[in-house]
Structure formats: structure tokens, C-alpha cells
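Please examine the sequence and the model shown below.

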Amino acid sequence: MNDTLQGIWAISGPLFVAIMGMVVLVIGLGETSPAGRRFLPLGTILGLVAAGILTLVSSRGIPNMPDVTPARFFGQGMLMDDVGGWFCVTLCLAAALTAGMAPAYLEEKRINNGEFYALLLFATCGAMLMALANDLINVFVGLEILSVSLYILCGFSRRELRSEEAAVKYFLLGAFASAFFVFGSALIYGAVGIANRAISLQQENVSFTNFDIISEALQNSARSGMPLMSSPLFVTGIALIVVGLGFKASLVPFHSYAPDVYEGAPTPVTAFMSAGAKLGAFAAFLRLSHAFLASDGAEPYRLVLWTLAAATMLVGNVLAMRQTNIKRMLACSSIAHAGYLLVGILASSHGSASLYATQSVLFYLLAYTLMNLGAFAVIIWLGRNGGDYLDIRDYAGLAKKQPLAALTLTICLLSLAGIPPTAGFFGKLYLFMAAIRSGEVSIAVIGLVISAIGLFYYLNLIMQMYLREPHLEFEEPREGGAKRAAILAAILTIILGVAPNLLVSPSPAGEMNAPPPVPMLKTRPGENTLERGSLPIEPNANR
Amino acid sequence: MPNFRDPSLSVMEPNVLSNSLLNSYIPVLVMGVAAIALAAALIGLNGILGPSRPNPQKLSPYECGVTPIGSARERFPIKFYLIAMLFIVFDIETVFMYPWAVTYIHSGGMMIFNLIEMLLFVGILFVGYYYVWKRGAFEWE
Amino acid sequence: MNPAVQNANYGALTSLMPLGGVVPLTWYITLASLLFITGAVGVLVKRNPIVIFMCVELMLNASNLALIAFGRYLGNSGGMMFSIFVMAVAAAEVAVGLGILISIFRLRDSISVDEVNLMRG
């Protein structure tokens, strides 16, 4: 019983978000007055801030369990560590920014219902559970809470055919991808169980989908001469899981839905989807690569990841160049960013640079969340009754009409392009540094070249805003919460770009051979987070 | 670990029947024969014992009040979908209660705690139910 | 593991199946794979969203079959637990999917995916 209570405390962040979701859902039923409607987004944001703080507190110290970190809870099914805490806080930030930018937009489309905020909170909760899961079952449940909420959110503008079509497309492909994930998990369950039986380990009360058990089985089976890594069941299982998660993270070749869905969904939903779904999927990727790829015989899988990363970066950037719709352009650029993140995942599968690479992925995800949500918030900010300005040519001369909006969008775009002094620059720097440290030099070079190609379309939009003559007046922009969210995101992007060591302690570039363990987050004095930060790489250290 | 032993399988002790693959299907065969016999007996007894005064209404097959013969591509009012969806969602939740009920008796000192856990689960379901109710999904018109 | 304990806990099936008793595990997994592939091919070739979704359900049920077969074979209840979660999630997906399809049907009186074509860029 005490274990359960400790577990509840450990995952109090996602639990709080879920309870907030239910409260908002029920309150939203009665509220139709303007004042009541203003309360919903405000309450949502406050709840998310509280959940973020709760996560920070609970990820730092679990009462009565000072030594066993990262702690496993709920029958080893969940874990809480700095990596999970970081993901949760980033997700709270993404959801809070979305709730901040949404109200004016939703009000215009007459869909400012409590359900929007409730679904936003449920989706956040699902993604947080994915980040804290230590078992494929829990990853699956989190993935589905996230996806099902996003299906509904995509079709939330229910009087618009475009939105409904996006929802159908996302739903069918998402359900398809989930089926791949489940079948892959089933095969891994069987493969791990059979491997454990072969070396006559205990069978009962053991979850063969648990990451700890899987990585233990990988090591044991390799030692006993029947490596799990070459078992057809296991190989097929991993491949299917990568397909399933690849859909959610919109990796090439599973990206085809992304531009359509991102274009059709209501803009705040697109903003959240681009960050939230990726955060969840990459959290799962990170845990999986630590559990699966740290063992011997993982070379073929690294090759697959390498190919996926290179293809995703290339195709995302090339597609983005051809787009004339800004939402589609950002969708394609988000595909490319998934490719950069995959470089970090690939690097984190090498023991030598694992921690550094994990940190770089976390930092990049935070930077990506800020800059991408900032860009979408500017689109909402400038829009007015009747629709958003979606054509890139509409943004010609924006700097003359709305200088502040142009500046904010420019900061976000520069960051997306990876130009200093922005968070995106350091994010890319860390990712590629991690790749080089781990010995994956080729992918780092490819990534650098491709991101140089990517400069083209971001700078094109910036030049439109500053050098062309305006042909639109940009009257009556929505401003409101979207303006505040955009400016906040831009400021945070700059802060992270000027002083990235506020949050991460990056090892200096020269120390190639220095022992990588650096604290994941800023540590409290006197508290040792080293073990907690480094543990995901060696999941068995504390068992 | 609770005992998941399936009573219908307990007759098949390995040392008696494991020698033949087909033997293990005998219970299935018995089940099939019993089902056919029961159905035949009921219909047959009906025919023998019941008075027979047919009219067209009575001769048509019974199908829950729906016209039995018509186009297969008939459209249903969309309200049926809503009810069906709600039914599926709430119905499937009971599947979580079965394992809980089976293991509850073995929970020993944790009984109250396990009961609270299930009450929380049902409570969350009730939030959904309350939402659907207030939203008017149960009103036919 | 002590075979007596295993028998006591799992009755006849567990002790029969690995010994070549009832139906070997391979058959279950082959059937599950075939169902899964059928579903996947169905998703790719069919045009009606409801049929596509039925194919997805087939894939999920193939996974359930594999999970339960593995669970029985290994004498481990994790597979059954997983399949219960898959069932619940599938139900939620059905509800949401049908809701979205009804909503699109209200707007345009047809749900063929070939006509879902506002956004081709």
C-alpha cells in the first residue's frame, strides 16, 4: 500500500493533469457566459503550471525513498527520473502555451468549449505517461490517451470539412500505427518470455514487456549463446514498434499524413500536435533505445535508425521548400526536426555518449517546443475573423505593419533554422556534437549539410517579411493570449539561446574523452542526481 | 499468483489424454452435440405440443420488431450510432472488473485498499457518465 | 521452475501445449500473423473508412490472439492483461472513429476516402 502511495506521489504530475481535465470537462458543461469561458483557459494554464511544479518536486525527491532512484513504481511499470521529469515539464509548457493562444481563435469559430481544454489536458497526461512508462503496456496506454485525444482535437472545428477530413486521415493512420505498435509489443512479449524460459528464469509475475526485463533478457541471452537480438520474433517486434512510433513522430517514410493533418486541424491544435505528439513519441523512442540498443548486436538497428534519420531530415526539408502554405511549411519542417532528434536517439544508443546525447535530445525538444509553438502562436495572433493568413506571400511586408509580430516570428524561424543566438542553434549543436562523440560522424555531417538546405525556406519567409512591400493591411489582429504566448515563447527561445547552461550543463566541446556523466538538470546543492540521470542507460544498475 | 485454472479444462489431466491430439476436442464435440440436441428438442417439442393456427404475421421470422425482409443496405438513424458508441465504451470497462473480482478474494490485508482502487475506477467512469448525461446524449429527440 | 507448481497453477493447458499437446504455439502465432497481414493489406487497399477501420480492428485482434497464446504458453498472465488493455483502447477508438465519421458524413453525405481530398498539396 505504501508503495502505491509513493507511486502516486511520483506520478502526481500526470495524475493532477488528468484530474484537472475531468474538472474542466464538468465545469465546461455549465459555463456559457463570457466570464466563465475566460475562466476555462486560465484555469487550464494554472493547473498545468501547478502540475509542472508538482512534477519538478516529485522527480527530485521521493519521500521515504532517498536511495532508490530512479524509482520504479506500480510493479516496475512506471519510473520517475530526471528524463521523465524534463519531458513532463516540457509537455506542461507546450499545453499551457496552447491553452494561452487558443481562446480567441476558438471563440471566432464558435468552438470555445470546455471539451477543448479537457482534451488538451488528457492528451498532455497521455504523453506524460508515455515519458514515465517503464513497460510497453503503459507506453501503449499513454500513446492511446494521447492519440485518441488528438483525433478529436483535429476534428474539433466540426463545421469545417477541412478539419473533419484531417481528423479522419489522422485517425485512420493513427489507429493503423497503433495496431503495428501492439503487434510488435506482442511479439516482443513472446520473444522475451521464450528467451527467459530457455535459460530457465522465473516466469510468473514477471512482465515480459517491462523495459528492465527486456534489457536483462537481452544481456542474459547474449551471454548464453542464444542472442535475443537475432531471434526473428524479437526483430520483427522491434521493427513493428519502430513503425508504430515512427507514425506518431512523423518519420519518413511514415510522414505522408503530416502536412495534410497539420493544415486541416485548427491552428492551436496543430501547434500542440507538432510538439506534444513528438514529445511523447520521442520519450518512448529514448526509453526503447536505452533498453534495446545498449546491448551487443544492435548494429543493424543503428543502421535502420541512421537511414530513417537521414531520410527524415532530407525529405522534410525538401518538402518544406516546396510549400506555399505556412502551416504546411511548418508541418514539413517539423518532419525535418524529427530527423534531427532521431540523430540524438541514434547517438544515445552508444554507451560512450549516451548521457550527453540524451541531454541533447531533451534540450532540443524543449527548444523545438518553444520555437514551433511560438511560430504557430504568431499565425494565430495575426489572424482575424474569417481566417488566418496562411499563404506565405501574405506575410510580405509584415515588418512594416506589425513589427512586433514580425520580430517574434523571425526569432522563432531563426531558431528553427538553427542560427545563433537562439535555442535552436544550441539544440542542433548539442545533437550533432553528441553524434560525433558517439562515433556517428557521417550522420552529423549529413545533418549539418541538410540543415543548411533548410535555411533556405526559413530565410525566404523572413525576407518576405522584411524586404517586400506589404499588400495586406493586417487589420484587427487577434492579439490577446496568442500574442502573449508568442512573445513568451520567443523570449524563452532567446534566453535558452544566450544562456543554455541555465538548464543543462553541457560538457565543453573539447572534452571528447571526458567521462560524460553530467547532471541532467540543475542540481540542488548537496543532492546527488548523477545516478538518477545516468541510470536510464544502465537500467539494471539498481535492480 | 491467483489460480486461473479453467474448470472446463480440468477434466483433461495430462497423463490421461495428452497422447492424442483429437482426444482433447472431445469436450468440444460433446458441447456441439448437446447444443444441437437442445435446439432440436425445443423446436420439435414446440411443433408437437403447441397449437398451430398460422397467419402471415405469425409466420414471419421474429427479429426484435424490425421488418425482417428488406434491403440489406438500409440506413439506420444516426441516433443508433450514438447509443451504440456509448454502449461500447461503458460496456468494455467491465472487462477490467473481472480480473479485479477474481483476485479480490486473494488480496488479504489489502482488501479495503483494493476496494478503494476499484471505487476510484468506477468514480472516473461516473465522471464520464455524468458528462454524457448532462450533454444530452441520452435524449432520444 | 518446479513443474508441479506449474501444473497446480495453470491446469492442463500449459503442460499440454509445450509438450506438443493441443495446438502448438507456432500455429497460433502463424494465425495471428496471417490475420495481422490480412488487416494491414485491407487498410492499404480498401476505400471505405469503416471497412478500413474494421481491418485495423482485425490487426488489433491478431495482436490479442498472439498475446494470449504467448501468455498461455509461458504461464504468464501479462499477455492477458495486455490484451484487456488493447480491447479497452480499441473500444475507445471505435467510439471516437465513428464519431468523426458521423461528423464528416453530416457535412458531406459521403465518407469514401477517395473524396477526402481537400488538401492535396
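R110(A) counts as exposed because it has 9 C-beta neighbours inside 10 Å; a residue is exposed with 12 or fewer other C-beta atoms within 10 Å of its own, buried with 20 or more and partly exposed in between, the C-beta atoms being placed from the backbone. R110(A) is not a glycine, yet its phi is positive, about 60°. R110(A) belongs to the loop between α4 (82-108) and α5 (114-132) of chain A; helices here are DSSP runs of H or I with at least four residues, strands are runs of E with at least two, and both are numbered from the N terminus. The model is predicted: local features need pLDDT of at least 70, side-chain atom pairs count only at pLDDT 80 or more, and totals for chains, interfaces and linings use all residues. Residues are numbered from 1 along each chain as its sequence is written, while chains are lettered from A and ligands numbered from 1 in the order in which they are written.

S250(A) also is not a glycine and has a positive phi, about 50°. S250(A) is buried, with 28 other C-beta atoms within 10 Å, and lies in the loop between α9 and α10 of chain A. P253(A) is found in the loop between α9 (232-248) and α10 of chain A, and the peptide bond from V252(A) to P253(A) is cis, with omega near 5°. A cis bond also joins P420(A) to P421(A), with omega near 0°; P421(A) sits in the loop between α16 (403-417) and α17 (423-437) of chain A. Most residues other than glycine have a negative phi, and most peptide bonds are trans.

## Chain A as a whole

Chain A has 20 helices and two strands. Of its 543 residues, 64% count as buried.

Helix α7 (residues 161-198) of chain A packs against helix α10 (residues 257-264) of chain A at an angle of about 145°, with the axes 8 Å apart. Axes are lines fitted to C-alpha atoms, for helices over the stretch in contact, and angles run from 0 to 180 degrees between N-to-C directions. Among the residues that meet are R162(A), K169(A) and L173(A) of α7(A) and Y257(A) and D260(A) of α10(A).

## Chain C against chain A

In this pairing, 39 residues of chain C are in contact with 44 residues of chain A, a contact being two residues whose C-beta atoms, placed from the backbone, lie within 7 Å. The largest share of the side of chain C that touches chain A, 17 residues, comes from α4(C). That side divides into 28 nonpolar, nine polar and two charged residues; Ala, Val, Leu, Ile, Met, Phe, Trp, Tyr, Cys and Pro count as nonpolar, Asp, Glu, Lys and Arg as charged, and the others, Gly among them, as polar.

The axes of helix α6 (residues 136-154) of chain A and α4(C) come within 10 Å and cross at roughly 5°. That makes the two helices roughly parallel, a term for angles under 35 degrees. The contact includes F140(A) and Y151(A) of α6(A) and F85(C) and V96(C) of α4(C).

## Helix α3 of chain C

Of the 26 residues of α3(C), 19 are buried. G75(C) follows α3(C) and has a positive phi, near 65°.

## Chain B against chain A

Eight residues of chain B are in contact with seven residues of chain A. The side of chain B that touches chain A has six nonpolar, no polar and two charged residues.

Definitions and conventions. Angles under 35 degrees count as roughly parallel, over 145 as roughly antiparallel, 65 to 115 as roughly perpendicular and the rest as oblique.
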